[in-house]
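The sequence and the structure are shown first, and a description follows.

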Amino acid sequence: MSEDLEKRVEYAASGITPQTKPDERRRYLGSLRERVYLRMNLTECQDPALTQLFLAHLKDYQGYTILINGNTPNPAFVGKIESQASKLGIPFRLVNDDTAKTGDDDSAILVVSKTAINQMRVEIGQVYPPELPKEELPAPKKKGLFERLFGDQK
């Protein structure tokens, strides 16, 4: 316990502030998991259906900030986000530091809050699940008067 306190005092004296949850901050572009509303990874960022889904729900992100990985392989999508977010007054930030990784499962786009919201599902496919195909039931066969009175007489 006293060693931790001594380390903290030493770091504070040298101007180093310890970072909370560094692994989590690397995964979420410098933010924390508890603040994330929506996440798209680099693979999902290249899927046209998911990019359209994200852009269609852009108005839902009023009051949030959009973090964009500077190494995102889809610059056209990033440009659309920036232009539409500017029109809607939604703040966004391009992240180009050491948290901007380029693996397939690394974060490409994050919608984050300033405070903790603790949303259970944050992946775009979970926040906006695909609609199930509508299945039409066959119309019930109507029975005539004689069928109702006398039943099936075959």
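How many helices and how many strands are there in the chain? In this predicted model, the chain has six helices and four strands. Their order along the sequence is α-α-β-α-β-α-β-β-α-α. The radius of gyration is 26 Å, well over the 15 Å that the globule rule gives for 154 residues, so the chain is more spread out than a compact globule. The C-alpha trace spans about 100 × 45 × 30 Å along its principal axes.

Of the 154 residues, 31% count as buried. The chain exposes about 10900 Å², and 53% of this area comes from carbon and sulfur atoms. Among contacts with a separation of 6 or more, 80% are between residues 24 or more positions apart.

The chain carries 22 positive and 22 negative side chains, and the centres of the two sets lie 9 Å apart. The count of salt bridges comes to two, as listed below.

| Salt bridge | N to O distance |
|---|---|
| Arg27 and Asp105 | 3.7 Å |
| Arg39 and Glu123 | 3.0 Å |

Arg27 lies in helix α2 and Asp105 in the loop between β3 and β4, so this pair ties together parts that are 78 residues apart in sequence. Arg27 is partly exposed, with a relative accessible area of 36%, and Asp105 is likewise partly exposed, at 45%.

Arg39 counts as buried, at 1% relative accessibility.

Conventions:
Residues are numbered from 1 along each chain as its sequence is written. This is a predicted model: local features need pLDDT of at least 70, side-chain atom pairs count only at pLDDT 80 or more; totals for chains, interfaces and linings use all residues. Side-chain values use heavy atoms; hydrogens and water are left out. Helices (H or I, at least four residues) and strands (E, at least two) are DSSP runs, numbered from the N terminus. The radius of gyration is taken over C-alpha atoms; the globule rule is 2.2 Å times the number of residues to the power 0.38. Buried means under 20% relative accessible area, exposed over 50%, partly exposed in between (1.4 Å probe, protein chains only). Contact means heavy atoms within 4.5 Å. Accessible areas come from the Shrake-Rupley method with a 1.4 Å probe; for residues, only the protein chains shown count as cover. Lys and Arg count as positive and Asp and Glu as negative; His and the chain ends are not counted. The place of a charge is taken as NZ of Lys, CZ of Arg, CG of Asp or CD of Glu. A salt bridge is a side-chain nitrogen of Lys or Arg within 4 Å of a carboxyl oxygen of Asp or Glu.
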